[in-house]
Amino acid sequence: MLMAALPGIGSTGTVADAAAAPTPSYYIALGASLVTGDGSTGGADYVNDLATYAQQGIPGLQVVNLGCGGETTSTMINGGHCTSKYSTGSQLGDAEAFLQAHPGQVAFITLDIGADDVLGCASAGAINESCFESGLAKVEQNLPTILGGLRAAGGSLPIVGIEYYDPFLQYWLDGTSGQEAAQESVSLVGQLNSALGSAYAQYGVTPANSSTTFDTSNWALTGSWDGTTVPANVGIICNWTNMCTSGGTNVHTNNTGYAELASTFEAVLSVPLHVTLNPESQTVTSGSTATFIAAATGLPPPSVSWQISTSGGSTWITVGGWTATSERASLTAFENGWEIRAVFANSNESVATSPAPITVTPPTTTVVLPSNGATLSGTSDLDAAASPGVTNVQYELSGGGFTDSVIATATPTIYGWLAAWNTTTVPNGIYTLQSAASSGGMSGTSPGIGVTVNNPAPATTVVLPSNGATLSSSQYLAATASSGVTKVQYELSGGGLTDSVIATATPTIYGWLAAWNTKTVPNGSYTLQSVASYAGGVSGASPGVTITVTN
């Protein structure tokens, strides 16, 4: 029962309707060499790591990676780099075209652009500030064009843009001049991230601050590299990027760094929850199992709970232990008229599915044996089919003074609900037979079938006294009778008596015995017979024996 899962009570179908809105199924990754996984081994990169995470909340999500190593904000807009990769001639053009071709189907975008505008300004342990300022100006000029184009094509869909770590902290390993350059780089990368953040804020883009993840401003001597104590920020750059193993020529993260970048994006990525599958209303017979299915997409990946309402949706009660998108319950009369819904929730929001009404109907049953119109006698086998979940089947008889009288209780078997009925318990005649099935507080009856009970009269024979016997005082009487007989009486005719009952017998191992005081009748000749009866009243008399009473 569904109610068994409700708080305080203890623990003890079917395809659902899809939501009308299309299900988001694409993640567009835009940017430069970090997007393409440069510097990693074994194909690791933050895009695929992020996609794996996102697929927990958006099943079936597909990655559209348009990244191009070495891409700048200018080439992203105008092309000229990775030209053969883009059908429109530029990364931005292809992104806009994809968004326009897949309205409502893109879940989110990540953006990693701007670093290559200034990377060329650092070399040989030094940074050319004039070059850096020129590159920064291009970022400030071009980024609004990029973000504006994405917004125009994709609307308000979530976009997460990177704020960079500082690879030039590696210069700290090059002595005094290198340490000065490293400290200067922190300031310059901060300016770049500030420019990115300003544009992001203008266009509703969420920043993924890898500078914080990489602890860029932490100069405490708590880091380690190659057995040497170094500032914390320098240690992270050496351990999470390829800078210190490449002599300062490879700014890309290694596998560890890519995992950290993915975590940085995961921490801020938010895709609104969207119900994609509502539970279907259920109409089941009492005792049957119903399956409720629901689904929703969104990030962070949502958890699911289920709620029931007994008040037409005015109030809702959480079903204890139901935390899967597909749940099953055996339904009874108790749950008839309830509603059920799923609630999906993450740290940002919650959303409920449409409620699904629950209708529980009585169990169904059909008499299989005997067939309609059958004539029965003696002990007859009864068989009925019943709907799943039925816990009890009885057979009821109407007619001849009976109204829905229970004549047998069935046993469930692989052949159906079987019972044996001794038809001699009712009078001969025409009846209506039906099966009645019960489950979960509800019962249902089968269509009635007509049967005729026609039992022959039982046989009986007087054994004692013998024919022609002379009797006096008290006399024992004995008779045999057919199997199934429930009563035997002795009747006397003669001397003014006609089939007068003189004794009622008791069944024993020696037959049907009775004692008769012969002094209750006048002396004379008589005919004695036994009369045997079934419980249903069908009776038969023995041949008469002649006796003489002489007291």
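This is a predicted model: local features need pLDDT of at least 70, side-chain atom pairs count only at pLDDT 80 or more; totals for chains, interfaces and linings use all residues.

Residues are numbered from 1 along each chain as its sequence is written, and side-chain values use heavy atoms, with hydrogens and water left out.

**Stop 1: a helix pair.** Select 46-54 (H1) and 255-268 (H8): they pack at about 45°, with axes 8 Å apart. Helices here are DSSP runs of H or I with at least four residues, strands are E runs of at least two, and both are numbered from the N terminus. Axes are lines fitted to C-alpha atoms over the stretch in contact, with angles from 0 to 180 degrees between N-to-C directions. That angle makes H1 oblique to H8 (under 35 degrees is roughly parallel, over 145 roughly antiparallel, 65 to 115 roughly perpendicular, the rest oblique). Now show side chains: Tyr 46, Asp 49, Leu 50 and Tyr 53 of H1 meet Tyr 258, Ala 259, Leu 261, Ala 262, Phe 265 and Glu 266 of H8, contact being heavy atoms within 4.5 Å. By class, that contact has eight nonpolar, no polar and two charged residues.

Stop 2: Go to Ala 115, Leu 119, Tyr 164, Pro 167 and Val 251, the closest to the centre of the largest cavity among its 17 lining residues. Its volume is about 200 Å³. A cavity is a set of points on a 1 Å grid over the protein atoms alone where a 1.4 Å probe fits but cannot get out; a pocket is an open set with protein on both sides within 12 Å along at least five of seven lines, and lining residues have an atom within 4 Å of a point. The cavity lining has 13 nonpolar, two polar and two charged residues.

Next, pick Ala 122, Tyr 171, Met 243, Gly 248 and Thr 249, which lie nearest the centre of the second largest pocket, lined by 16 residues. About 190 Å³ of space lies there, and the lining divides into seven nonpolar, eight polar and one charged.

**Stop 3: backbone spots.** Which peptide bond has omega near -5°? Leu 299 to Pro 300, which is cis, with Pro 300 in the loop between E14 and E15. Leu 464 to Pro 465 is also cis, omega near 5°; Pro 465 is in the loop between E31 and E32. Finish at Asp 226, between E9 and E10, where phi is near 55°.

Technical notes. Grid points are joined across faces, edges and corners, and a volume is the space filled by probe spheres set on the points. Ala, Val, Leu, Ile, Met, Phe, Trp, Tyr, Cys and Pro count as nonpolar, Asp, Glu, Lys and Arg as charged, and the others, Gly among them, as polar.
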